[in-house]
Amino acid sequence: VYSLFGENENSNWLISSTIRRLILNKHINLTPCNQRFNYLYIGDFVEQINLIIDQPNNYSGIYNVCSSKSIKLKTLLIKTAELIPSRIDLLKFGYLSYRANQPMIINGSNKKFKSLFMKNSKDYDSLTEGLKKTIFNIKKM
């Protein structure tokens, strides 16, 4: 399972903490955010798990449960600010250095999973819709 996000996630995690700070009109000190992560909205994760549970065949094995593509963190955070909407200049890219041994790519391939469990299903790349739902949930708190 790769990076999940969504409603009710830990308030210290990147997406939820960014949303909270931008809603409050507070700046966020960040690295250059050139890392590429594979983010999967929690609702899509649940749907993928249900596909496994509902599968009549016994497909045993190891599968990556993830979206079909990674996104640069800088792109993700700018998209989040635009959806709130908030000022992008509150995102202080490059203010912090990367930590030692910072992983720059966290990405999985879900081709094997899709070939067995998602033959007639939608693809799970609803990043924008997931961000909108997460923003809505945080705003109503």
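For sorting residues by side chain, Ala, Val, Leu, Ile, Met, Phe, Trp, Tyr, Cys and Pro count as nonpolar, Asp, Glu, Lys and Arg as charged, and the others, Gly among them, as polar. The residues lining the largest pocket of this protein divide on that basis into eight nonpolar, four polar and one charged. The structure is a predicted model, in which local features need pLDDT of at least 70 and side-chain atom pairs count only at pLDDT 80 or more, while totals for chains, interfaces and linings use all residues. Residues are numbered from 1 along each chain as its sequence is written, and side-chain values use heavy atoms, with hydrogens and water left out.

The protein has five helices and seven strands; helices (H or I, at least four residues) and strands (E, at least two) are DSSP runs, numbered from the N terminus. From the N terminus on, the order of elements is β-α-β-β-β-α-β-α-β-β-α-α. Along the principal axes, the C-alpha atoms fill a box of roughly 50 × 35 × 20 Å. Of the 141 residues, 37% are buried, where buried means under 20% relative accessible area, exposed over 50%, and partly exposed in between (1.4 Å probe, protein chains only). Contact means heavy atoms within 4.5 Å. Among contacts between residues at least 6 apart in sequence, 88% join residues at least 24 apart.

Three strands form an open sheet with the order S5-S3-S7 and mixed pairing. S5 (71–72) and S7 (105–106) stand at the edges with a single partner strand each, so one side of each has no neighbour in the sheet. Two strands are taken to pair if DSSP finds at least two bridges between them. Strand S3 (residues 36–37) is joined to S5 by two bridges, and these strands run antiparallel. Within this pairing, arginine 36 stands opposite lysine 72 in S5.

Glutamine 35 is buried, with a relative accessible area of 4%. Leaving aside residues up to four places away in sequence, glutamine 35 touches Ile71, Lys72, Leu73, Tyr98, Gln102, Pro103 and Met104.

Glutamine 35 also belongs to the lining of the largest pocket. That pocket has a volume of about 250 Å³. Of its 13 lining residues, the closest to its centre are Leu14, Gln35, Leu73, Arg99 and Gln102. On a 1 Å grid over the protein atoms alone, a pocket is an open set of points where a 1.4 Å probe fits, with protein on both sides within 12 Å along at least five of seven lines; lining residues have an atom within 4 Å of a point. Grid points are joined across faces, edges and corners, and the volume is the space filled by probe spheres set on the points.

The arc is that of the directions from the helix axis to the C-beta atoms.

In H3, the buried residues are Leu73, Leu76, Leu77, Thr80 and Ala81. They cover an arc of only 135° around the axis, which puts them on the same side of H3. Their cover includes H1, S3, S4, S5, S6 and H5. Leucine 83, also in helix H3, is partly exposed at 27% relative accessibility. Leucine 83 touches Thr128, Leu131, Lys132 and Ile135, not counting residues up to four places away in sequence.

Some backbone details lie in the loops. Asparagine 8, in the loop between S1 and H1, has a positive phi near 65° and counts as exposed at 64% relative accessibility. Asparagine 25 follows H1 and is found in the loop between H1 and S2. Its phi is positive, about 65°, although asparagine 25 is not a glycine, and at 44% relative accessibility it counts as partly exposed. In the loop between H3 and S6 is proline 85; the peptide bond from isoleucine 84 to proline 85 is cis, with omega near -15°.
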